[in-house]
Amino acid sequence: MPTRGLVPLFFLLTACLSSPEPEVSYPLEAREDKPYFKVYEDSSVQYDVIHNFETKFKAHITRVTPAFQDALTQRYARIWNEPQPLMQEASQKTAFFVTIYTANSELQNVADTDVWNIQLLVSGQTLKPSAIKKLKPKERWQPFFPEINLWSLEFLILFDRQPDNGTDPMELVMSSPDGSVRAKW
């Protein structure tokens, strides 16, 4: 008698296990997306500013070249199924994506000109940013920049200069009271 009750239960469980599931997909991590990550690495530099065994800040800087912009736009469309509007704005200027991490909350805002001095040295000129945009939400950017974490802040730094072709030698200088970095490409 007890086996009679198990037979319907068996069919019910197997029916649940074989029911059609909605299609679910997960994006590759940035490091696993080989074509994207290669362009990303070629366009990026990272600095750890350490003084007396104390990390003052970490800066990860990505130069937005046409190759990087194309790779990011394609990856963005695959993940979010829509175009990336911020990259259109960056394509009309020389742009850098910056992730900054510091324990000093007063140093986190790269757009604060009282704390940070940012310059672009290119072709014998020294340029100041035309715009520094804080990027939110971070969850929207994390699939593209593996350095983004809960404590970092992200910025797009724009300079009024023709779009960067990726071959011009240039130097982005970011200076603060805790130290400075010179990113050269």
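Is D48 buried, partly exposed or exposed? In this predicted model, local features need a pLDDT of at least 70 and side-chain atom pairs count only at pLDDT 80 or more, while totals for chains, interfaces and linings use all residues. Residues are numbered from 1 along each chain as its sequence is written, and side-chain values use heavy atoms, leaving out hydrogens and water.

D48 turns out to be partly exposed, with a relative accessible area of 41% (buried means under 20%, exposed over 50%, partly exposed in between, with a 1.4 Å probe and protein chains only). Its salt bridge partner is K58, with the closest N and O atoms 3.9 Å apart (a side-chain nitrogen of Lys or Arg within 4 Å of a carboxyl oxygen of Asp or Glu). Because D48 lies in strand β1 (residues 44–51) and K58 in strand β2, the pair ties together parts 10 residues apart in sequence. Helices (H or I, at least four residues) and strands (E, at least two) are DSSP runs, numbered from the N terminus.

A search of the whole structure finds 10 salt bridges. Another of them joins D33 to R78, whose closest N and O atoms are 2.6 Å apart. This pair links distant parts of the chain, with D33 in the loop between α1 (2–17) and α2, and R78 in helix α3, 45 residues away. D33 is buried at 6% relative accessible area, whereas R78 is exposed at 52%.

Turning to helix α3 itself, F68, Q69, A71, L72, R75 and Y76 are buried. Just after α3, N81 takes a positive phi of about 55°.
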